[in-house]
Amino acid sequence: MQLPGVHYLAVLVSGVVIFMLGGLWYSPVLFAKPWVALQGKTMEEMRQAGASPVMYGLVFLCGLVVAWAMAVVLAHFPPWTAMRGAEVGALMWFGFAAPTSYGTALFSMKPKALWAIDTAFNLVSFVIAGIVLSVWR
């Protein structure tokens with residue numbers, strides 16, 4: 001199987017955007033307080049546990065993988081417009097990320113509100129990445 005060519009600079013930028021969105025999403029500006037509380041933790045406990053540079057690097061790598069896979073999928077869905085990118089991003093979320101993460105949340109008995117915060121991040125990041133990757137070909 002030969003994969004279609006992708007614009008690797010657009011993939012890199014999309015990965016950076018996903019990473020930065022995650023930083024904002026899980027910050028006190030947006031959802032940090034409810035997200036931490038829904039995990040049964042305090043902000044102090046989360047600070048003490050800390051995030052290592054390796055964790056940040058792996059999260060960035062995850063964003064790059066999402067962006068690359070989306071670029072490959074988008075290559076099959078012309079015309080490449082912002083709307084088409086948003087549609088494909090939403091479809092990838094609806095077909096893959098949302099149901100698999102919901103099933104995991106059900107069996108791990110996580111609160112539905114915690115799943116909602118996490119999956120909404122995925123939806124927004126997939127849509128934004130889809131837009132970036134579609135218009136920057």
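Select Pro79 to begin: this residue is found in the loop between α4 and α5. Helices here are DSSP runs of H or I of at least four residues, strands are runs of E of at least two, and both are numbered from the N terminus. The peptide bond that leads from Pro78 to Pro79 is cis, with omega near 0 degrees.

The model is predicted, so local features need pLDDT of at least 70 and side-chain atom pairs count only at pLDDT 80 or more, while totals for chains, interfaces and linings use all residues. Residues are numbered from 1 along each chain as its sequence is written, and side-chain values use heavy atoms, with hydrogens and water left out.

**The whole chain**

Along the principal axes, the C-alpha atoms fill a box of roughly 45 × 30 × 30 Å. Of the 137 residues, 28% are buried; the term buried denotes a relative accessible area under 20%, exposed one over 50%, and partly exposed a value in between, with a 1.4 Å probe and protein chains only.

The protein chain exposes about 8300 Å², of which carbon and sulfur atoms supply 75%. Accessible areas come from the Shrake-Rupley method with a 1.4 Å probe, and for residues only the protein chains shown count as cover. Among contacts with a separation of 6 or more, 76% are between residues 24 or more positions apart, where contact means heavy atoms within 4.5 Å.

**The loop between α5 and α6**

Next, select Met109, whose place is in the loop between α5 and α6. Met109 has a positive phi of about 60 degrees, although it is not a glycine. Its relative accessible area is 74%, so Met109 is exposed.

Pro111 lies in the loop between α5 and α6 as well. Pro111 counts as partly exposed because its relative accessibility is 31%. Display Leu38 together with Pro111: their C-alpha atoms are separated by 6.7 Å, although the two residues are 73 residues apart along the chain.

Move to Ser101 in helix α5. With a relative accessible area of 24%, Ser101 is partly exposed. Its side chain is joined to that of Trp115 by a polar contact of 2.9 Å. A polar contact is a pair of N or O atoms within 3.5 Å; within protein, one must be able to donate a hydrogen and the other to accept it, and residues adjacent in sequence count only if both atoms are side-chain atoms. From C-alpha to C-alpha, Ser101 and Trp115 are 7.5 Å apart in space, and they are 14 residues apart in sequence. Not counting residues up to four places away in sequence, Ser101 touches Trp115 and Thr119.

Thr119 counts as buried because its relative accessibility is 5%. A polar contact of 2.8 Å joins the side chain of Thr119 to that of Trp93. With residues up to four places away in sequence left out, Thr119 touches Trp93, Ala98 and Ser101.

**Further along α6: Ser134**

Select Ser134, in helix α6 (residues 112-135). Ser134 has a relative accessible area of 1%, so it is buried. Which backbone atoms does its side chain approach? A polar atom of the Ser134 side chain lies 2.9 Å from the backbone oxygen of Gly130, and the side chain also reaches the backbone nitrogen of Gly85 at 3.4 Å. Leaving aside neighbours within four places in sequence, Ser134 is in contact with Leu74, Trp80, Thr81, Arg84 and Gly85.

**The largest pocket**

Finally, display the largest pocket, which holds about 1200 Å³ of space. Of its 33 lining residues, Gly22, Tyr26, Trp35, Tyr56 and Val59 are the closest to its centre. The elements that give two or more residues to the lining are α1 (8-25), α2 (32-38), α3 (43-49), α4 (53-74), α5 (82-108) and α6. The largest share, eight residues, comes from α6.

Grid points are joined across faces, edges and corners, and the volume is the space filled by probe spheres set on the points.

Terms used:
On a 1 Å grid over the protein atoms alone, a cavity is a set of points where a 1.4 Å probe fits but cannot get out, and a pocket is an open set with protein on both sides within 12 Å along at least five of seven lines; lining residues have an atom within 4 Å of a point.
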